[in-house]
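This report describes one predicted protein model.

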Amino acid sequence: MSYPTKKEREVCWGAKDEYWSCLDKNNQKESVKDGPCAELRKLYEKSCSSQWVKHFDRKRSYLLFKEKLETEGVPSKNLCEQSFGAKRRVYSQVSAM
């Protein structure tokens with residue numbers, strides 16, 4: 001796999017930005033099949049390499065998690081020890097709320 005050209009990177013980032021804007025506008029964490037952002041998701045996946053799509057999806061998930069922590073704060077210790085046990089990461093529990 002060769003590194004994408006500047007033009008290819010611009011197209012990829014543009015598709016990603018449009019897709020993320022659609023998700024934000026429709027108050028969705030991720031795309032729903034046949035949802036309002038499904039076509040933009042297809043364009044995004046077509047415009048970017050699968051590795052970049054995976055990276056950007058993880059980045060969005062992390063940014064949403066970070067935003068939630070900033071607005072709601074760190075979950076209590078009791079939440080961390082509920083049904084999942086103390087060894088489970090807090091991230092999984094907070095993002096599932």
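Is the link of Cys 12 and Cys 48 right-handed or left-handed? With 110° about the S-S bond, this link is right-handed.

## Model and confidence

The model is predicted, so local features need pLDDT of at least 70 and side-chain atom pairs count only at pLDDT 80 or more, while totals for chains, interfaces and linings use all residues. Residues are numbered from 1 along each chain as its sequence is written, and side-chain values use heavy atoms, with hydrogens and water left out.

The mean pLDDT (the predictor's confidence in each residue, from 0 to 100) of the protein chain is 83. A score of at least 70 is reached by 76% of the residues. Helices are DSSP runs of H or I with at least four residues, numbered from the N terminus.

## Disulfides

Two disulfides (pairs of cysteine sulfur atoms within 2.5 Å) are present in the structure. In the pair of Cys 12 and Cys 48, the sulfur atoms are 1.9 Å apart. Cys 12 lies in helix α1 and Cys 48 in the loop between α2 and α3, so the bond ties together parts that are 36 residues apart in sequence. Both Cys 12 and Cys 48 are buried, where buried means under 20% relative accessible area, exposed over 50% and partly exposed in between (1.4 Å probe, protein chains only).

Cys 22 and Cys 37 form a disulfide with their sulfur atoms 2.0 Å apart. This link is left-handed, with -90° about the S-S bond. Cys 22 belongs to helix α1 and Cys 37 to the loop between α1 and α2, so the pair ties together parts that are 15 residues apart in sequence. Cys 22 and Cys 37 are buried. With the bonded cysteines numbered in sequence order, the pairing is 1-4, 2-3.

## Aromatic contacts

Three aromatic pairs are found in a search of the whole structure. Rings of Phe, Tyr and Trp (its six-membered ring) pair if their centres lie within 6.5 Å; planes under 30 degrees apart count as stacked, over 60 as edge-to-face and the rest as tilted. Trp 13 and Phe 56 form an edge-to-face pair, at 5.2 Å centre to centre and 80° between the planes. This pair links helix α1, which holds Trp 13, to helix α3, which holds Phe 56, 43 residues apart. Phe 56 is buried at 4% relative accessible area, whereas Trp 13 is partly exposed at 38%.

The pair of Tyr 19 and Tyr 44 is stacked because the ring centres are 5.2 Å apart and the planes at 20°. Tyr 19 is in helix α1 and Tyr 44 in helix α2, so the pair ties together parts 25 residues apart in sequence. Tyr 19 is buried at 2% relative accessibility, and Tyr 44 is buried at 0%.

One aromatic cluster consists of Trp 13, Trp 52 and Phe 56. Lys 16 lies over the face of Phe 56, at 5.2 Å from the ring centre, and over the face of Trp 20, at 4.4 Å. A charge sits over a ring if NZ of Lys or CZ of Arg is within 6 Å of the ring centre and within 35 degrees of the ring normal.

Helix α3 (residues 50-72) has 23 residues. Its buried residues are Val 53, Phe 56, Arg 60, Phe 65 and Lys 68. Gly 73 follows α3 and has a positive phi, near 85°.

Gln 28 lies in the loop between α1 and α2 and is buried at 17% relative accessible area. Leaving out residues up to four places away in sequence, Gln 28 touches Leu 23, Pro 36, Cys 37 and Arg 60 (contact means heavy atoms within 4.5 Å).

Terms used
Helix = DSSP H or I, 4+ residues; strand = E, 2+ residues; numbered from the N terminus. Expected span 1.5 Å × (residues − 1).
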